[in-house]
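Please look over the sequence and the model shown here before reading on. The report then moves from the contact between the chains to some individual parts.

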Amino acid sequence: MNKYYLGIDLGSTTSKAVIIDENDQIIGRGITNTRANYKVAADIAREEAIYDARFTLLSNIIKTDMEAKPEFKKYMEDIRTVFQYQQFKRRMEILEEKLVKTSEAFPYPNKNEIIDRLKSILNVIRPQIRHEFVHGGLGSKNQFFRDIVSERYNLEVAKAGKEFYEPLMLAFDKSITPVENEMVQYNFKELILESMKVLEEKYKGLADEQEDGSKEDWYYAELNAVRNNYKNVELSLREHFELVAEQEIHIANMVGTGYGRALLPFPEECIKSEILCHAFGAHAVFPNTRTVLDIGGQDTKAIQVDSHGLVTSFHMNDRCAAGCGRYLGYIADEFGISLNELGPEAMSATKETTICSTCTVFAGAEVKELIHNGEERPNILAGLHKAIVQRAMSLIARSGGVKNEFTFTGGVARNQAVLKYVKQMVTESYGEVTMNIHTDSIFMGALGGAMFARRNVTAALPA
Amino acid sequence: MEAQKERSMILQKEMVSGLFNELGRAKETGRKVCYTFVPGNLSELIRTFDLLPVYPEINALQSAMRKKSAGYIKEAEKNAHSEDVCTYVKCDVGMMMKGNFGPTGEKIPEPDILLLSYTGCFTFLKWFETLKRLYPNAEVIMIHTPYQEAGKMTPEMTQYMVRQFREEVIPKMEKVTGIKYDEEKLKYHLNLAKEAQDWIAKIFETTKHKPSPIDAYFAGVYYIGPINIGFRGTPEAVEYYKALYEEIMERVRLGLGPITPEGEMKEEKYRLVVEGPPNWTSFREFWKLFYDMGAVIVASSYTKVGGVYDLGWRHDSTRPLESLSEYCMNCYTNLNIPQRIDLLSKCITEYSADGYVTNSIKSCNSFSAGQLGMMREIEDRLEIPVGFIESDLVDPRYFSYSNIKNRLESFFQMLEQRKKIVKTETV
C-alpha cells in the first residue's frame with residue numbers, strides 16, 4: 001500500500017493542507033478560509049487535499065492520454081472546477097435553508113416580504129454562481145465559500161431597497177458563520193458522477209450554441225476537441241475513477257503547523273513550528289534557498305536556512321500587525337474593496353504615496369487624511385503595499401539579510417504589488433539575487449509539515 | 001512541588017533579611033545609607049565606611065517578582081515619566097513616591113549618598129539626577145568609568161579613575177560618614193572579595209559537567225545575589241559561596257541536573273547560552289518555558305553584570321584603589337562589543353552549548369545596543385543556532401507569553417532538528 005503524508009498549516013486567514021507521497025511529491029492540496037472552528041477548517045482543507053490527491057492519481061493513470069489528447073486535458077480541468085461546484089452546491093443548500101430559517105425568526109413586521117425578497121435574491125445568485133463555476137472556471141480561482149456567496153449576495157441586497165438592507169444583511173451574518181463551521185460530508189464518487197452530468201450538458205450546450213452561430217471565444221482547439229470527443233474521455237474516466245474513488249489514501253503520518261497549531265487535535269509530536277515548516281517547504285522546492293520571507297496573515301517571518309533546509313535564525317514582527325496580511329485586510333475594509341482587488345489596483349498607481357505609519361490602526365487615519373486631500377486611491381494603495389514590504393525588509397535585515405537564493409512564501413506572495421516591491425527592495429539592498437516565488441507559495445508551510453511528517457516516520461522505523 | 005531548601009539558600013535569606021533589617025533600623029542606629037547600582041558597585045569601599053547599601057535596580061526587580069512593579073510604574077508614568085524610560089527607573093521612582101517601602105515591606109531609609117560608579121549606562125546618571133531632586137540632602141558622588149573602547153583597560157584609564165577615588169569619592173565619603181578612610185580595612189574586604197570571586201568562578205564553571213548541575217541564568221540570578229548586593233568582601237559571602245559550591249559538587253557527584261521551581265530537571269536536552277537580563281514580572285513562567293523543554297542555561301551574560309570573573313580578573317588588596325577602578329571598568333556592559341562576543345563564544349565552546357538565545361529588553365540600552373550584531377557574529381563564527389526574543393525588565397505589559405513561547409518553540413525545534421541531522425550525518 002502506498003503511504004502518504006499530510007501537512008496542515010492552520011493560518012490566521014487560511015488553512016492549508018498538502019499531501020505528499022514517499023518521494024516528497026505533492027499529490028494533493030487543499031485550502032479554505034480559517035474560521036472559528038479550527039477543527040472544521042483543518043478537516044475541510046484535508047478533505048480537499050484528499051479529493052485533489054484522487055484527481056492527481058486519476059490524472060496519473062490517464063497521463064498518456066492527457067499528454068497526447070487536448071480533450072483529456074481540458075476535460076480534467078473542467079471536471080475539477082465542476083467538482084468544486086458540486087461541493088459548493090451542497091453547502092449552498094444548507095445556507096439557503098439557514099437563511100430562510102433565520103429570517104423566519106425575525107421580529108420585523110414585514111417579515112414575509114423579507115423572506116420573499118431573500119428567496120428571489122437566492123434565485124438570482126444560484127444560477128449566477130453555477131454559471132461562473134461551470135463556464136467561468138470559478139473553482140480554480142481559490143475563492144472561498146463565504147467570499148463567493150457574500151460578493152453576489154451583497155450586490156443583490158444593495159439593489160433590494162433600503163427597508164430590506166438591514167434585515168437581509170443581518171440574516172446573512174447570522175447564517176454564514178454556523179454554516180461555515182459545519183462539516184459537510186461528501187461522497188467523491190457521487191460528486192464525480194454529478195459533475196460528469198453537468199459537463200455533458202455543458203459540452204452539448206456548446207455544440208448548440210455554435211449551431212446558433214454565436215461567436216463565443218470557446219472556439220479554440222481544446223474546447224473544440226472536447227466538444228466532439230468528451231464521450232471518449234467520459235468512457236475512459238468511468239473505467240478508472242471508481243478505482244481512484246475507492247482507493248485508500250493512507251496517511252501514514254501528519255504534522256500540523258501554523259498559528260492555530262496548538263488547537264489542532266494532533267498529538268504533541270505532530271505539531272511543528274510554522275517557521276521550520278515554511279523554511280523546510282521552501283527549501284524543498286528551491287534547494288539553494290538560504291533566506292525565506294513568509295508574509296502570512298498574522299505575522300511576517302524572515303528566516304535563514306542552511307543547506308539542509310534547517311532554520312539557523314529567524315525574526316518575526318512583534319506587537320503590531322502592520323507589515324503582514326492582516327494589514328491588507330484592514331486596508332481592504334477601509335476602502336470597501338475585496339482583498340483580491342488590492343494588488344491589481346496598487347499596480348495601476350502612478351506614484352507611491354508615503355505612508356509612514358508603522359501601526360495598522362494609525363495607517364487607517366493616514367489613509368483617511370490622504371483621501372480627504374484628494375489623493376488617488378491606487379497611489380495610496382501602492383504606498384501601503386510599499387510600507388508593508390519596508391517592514392518586511394527590516395525583519396530580513398534583522399535576521400541577517402539575504403545570503404543566497406531568496407524565496408518568498410505565504411498568502412501575501414500572491415499579491416502582485418507586494419511582489420513587485422519585494423523584488424525591487426531586495427535587489428536594492430542585496431543586489432541581484434535569485435528570487436523564487438512559486439505558484440504554491442501559500443502551501444509552503446503545509447508542504448514543510450508534510451515533509452517533516454514523512455521524515456519523522458522514517459526516523460522511527462527500523463532501518 | 002515544594003522548592004528544595006539547601007543550606008546556601010538559608011544563608012542567603014539570612015543575609016538579605018539581615019540587610020533589610022539594618023536598613024529598617026538605620027535611623028535608630030544612625031548608620032549612613034548609600035544608594036548605588038550593581039554594575040561597578042563598590043561594595044568593599046562602602047563597607048570600609050560602614051555604609052549600608054541600597055540597590056534601586058534590585059528593589060525594582062524584587063518588586064516585579066512580587067508583582068508590585070506595575071503599580072509603581074503607573075505611579076511614575078502619572079508623574080510624567082515617559083513610556084520609553086527604563087522600567088527599573090520607573091519602578092523605583094514609583095516605589096519612592098508611594099512611601100519607599102521596599103520589597104520586603106520595610107521602609108527603606110533615605111539616601112545619605114548617591115554613589116554612581118558606573119557611567120556606561122546613561123540612564124543611571126539621569127536616575128540619580130532624579131533622586132537628587134527627591135532627596136536634596138543626599139551627597140552625590142559620580143565617578144566617570146571609561147568604556148573599554150579599545151578592548152582593554154590601560155594604565156592611564158586606571159590612573160584616571162584612582163584620581164577620582166582620591167579626590168572625589170573618598171573625601172566625600174569621609175565627610176558624610178565622619179569616618180576616616182582606612183586602607184587596611186579596605187584591604188581586608190578586598191581579600192574576602194577575591195575569595196568569594198574564586199568560589200563564584202568555580203560555581204559557574206560547574207556547568208561544564210553533563211548534565212549541568214545548575215542553571216546559570218534562572219538559578220544564576222539567585223547565586224549572584226550576595227556578591228552583587230553588598231556582601232562581596234564579607235566572610236558571610238565567602239561562607240555562602242563555599243556552601244553553594246559544595247552543594248553543587250554533590251549534585252555533580254550524583255549526576256543530577258539543575259533544580260527548577262518544580263523540582264529536579266530530569267532530562268537535559270539542550271544546553272544554551274543566554275544574552276540579556278531575564279524578565280522579572282513573569283520570571284517563573286519564563287523559566288518554565290525553558291525547563292519544560294529540557295533546556296538548561298550553561299552560561300549567561302547577565303550573571304556577569306556585577307563583574308566578569310571568567311577571565312581571571314580578581315580584586316587585589318596589594319593595589320586597593322587600582323583594583324576598585326579596574327573592577328568598575330570590568331563589568332560586562334563596560335566591555336566593548338568584540339570583547340563580549342569573545343567572552344560569549346568562549347562560554348559557548350567551553351560549556352558545549354547547543355544554542356544561543358538573546359532576550360532583548362525593550363527599555364535597556366546598556367544591554368540592547370549591539371545585541372543583534374553580536375548574535376550574527378556568534379552565529380557566523382560558531383555556526384550555532386540562535387534565537388531572539390523580546391521582553392522587558394519589570395513592566396508586565398511588555399511580556400507577551402504567547403509571542404515568546406512561539407519563538408522559543410520554534411527555536412527548540414530548530415535545535416531538535418539539527419541534532420537529528422547531525423546524528424544521521426555522523427552515522
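## Terms and model

A residue is called buried when its relative accessible area is under 20%, exposed when that area is over 50%, and partly exposed in between. By this cut-off K405(B), at 30% relative accessibility, counts as partly exposed. The structure discussed here is a predicted model, and the values below are computed from it.

## Where the two chains meet

The size of an interface is often given as the accessible area lost when the parts come together. For chain A and chain B the buried area is about 2200 Å², and carbon and sulfur atoms give 46% of it. Chain A brings 25 residues to this contact, while chain B brings 24 residues.

Polar links also cross the boundary, with nine residue pairs in polar contact between chain A and chain B, both residues of each pair being at pLDDT 80 or more. On the side of chain A that touches chain B, the elements that give two or more residues are α9 (274–285), β7 (311–316), α13 (377–399) and α15 (444–460) of chain A. Of these, β7(A) gives the most, with six residues. The residues on this side of chain A divide into eight nonpolar, nine polar and eight charged.

## Salt bridges at the interface and beyond

Over all chains, the count of salt bridges comes to 60, and three salt bridges are found across the interface of chain A and chain B. In a salt bridge between the chains, the side chains of E409(B) and R261(A) meet at 2.9 Å, N to O. E409(B) also meets K405(B) in a salt bridge, with a distance of 3.0 Å, N to O. E409(B) and K405(B) both lie in helix α18 (residues 401–426) of chain B, where they are four residues apart, about one turn of the helix. E409(B) has a relative accessible area of 22%, so it is partly exposed.

Which residues are linked with E409(B) in a network of salt bridges? The network links R261(A), E274(A), D294(A), D299(A), K301(A), K405(B) and E409(B). Within it, E274(A) forms a salt bridge with K301(A), the closest N and O atoms being 4.0 Å apart. Because E274(A) lies in helix α9 of chain A and K301(A) in strand β6 (residues 300–305) of chain A, this pair ties together parts that are 27 residues apart in sequence. E274(A) counts as buried at 3% relative accessibility, and K301(A) also counts as buried, at 3%.

## A helix of chain A and its surroundings

Helix α14 (residues 416–430) of chain A has 15 residues, and from its first C-alpha to its last it reaches 21 Å, close to the 21 Å expected at 1.5 Å a residue. At the start of α14(A), a side-chain oxygen of N415(A) reaches to within 2.9 Å of the backbone nitrogen of A417(A). After α14(A) comes G431(A), whose phi is positive, near 80°.

The buried residues of α14(A) are A417(A), V418(A), L419(A), Y421(A), V422(A), M425(A) and V426(A). The parts of chain A that cover these buried residues include β5 (289–295), α10 (325–335), α11 (339–347), α13, β8 (405–409) and β9 (435–437).

In helix α6 (residues 162–180) of chain A we find I176(A), which counts as buried because its relative accessibility is 1%. Leaving aside residues up to four places away in sequence, I176(A) touches L95(A), F145(A) and R146(A).

In chain B, N41(B) is found in the loop between β1 (33–36) and α3 (43–48), and N41(B) is buried, with a relative accessible area of 0%. Again not counting residues up to four places away in sequence, N41(B) touches Y55(B), S117(B), N228(B), R232(B) and Y327(B). Another loop of chain B, between β8 (295–300) and α14 (320–329), holds D316(B), which has a relative accessible area of 26% and is therefore partly exposed. The side chains of D316(B) and T318(B) are joined by a polar contact of 2.7 Å. D316(B) and Y327(B) are eleven residues apart in sequence, and their C-alpha atoms are 10.0 Å apart in space.

Key:
Residues are numbered from 1 along each chain as its sequence is written. Chains are lettered from A and ligands numbered from 1 in the order in which they are written. This is a predicted model: local features need pLDDT of at least 70, side-chain atom pairs count only at pLDDT 80 or more; totals for chains, interfaces and linings use all residues. Side-chain values use heavy atoms; hydrogens and water are left out. Contact means heavy atoms within 4.5 Å. Buried area is the accessible area (1.4 Å probe) that two parts lose on being put together, summed over both. A polar contact is a pair of N or O atoms within 3.5 Å; within protein, one must be able to donate a hydrogen and the other to accept it, and residues adjacent in sequence count only if both atoms are side-chain atoms. Ala, Val, Leu, Ile, Met, Phe, Trp, Tyr, Cys and Pro count as nonpolar, Asp, Glu, Lys and Arg as charged, and the others, Gly among them, as polar. The expected span of a helix is 1.5 Å times one less than its number of residues. Buried means under 20% relative accessible area, exposed over 50%, partly exposed in between (1.4 Å probe, protein chains only).
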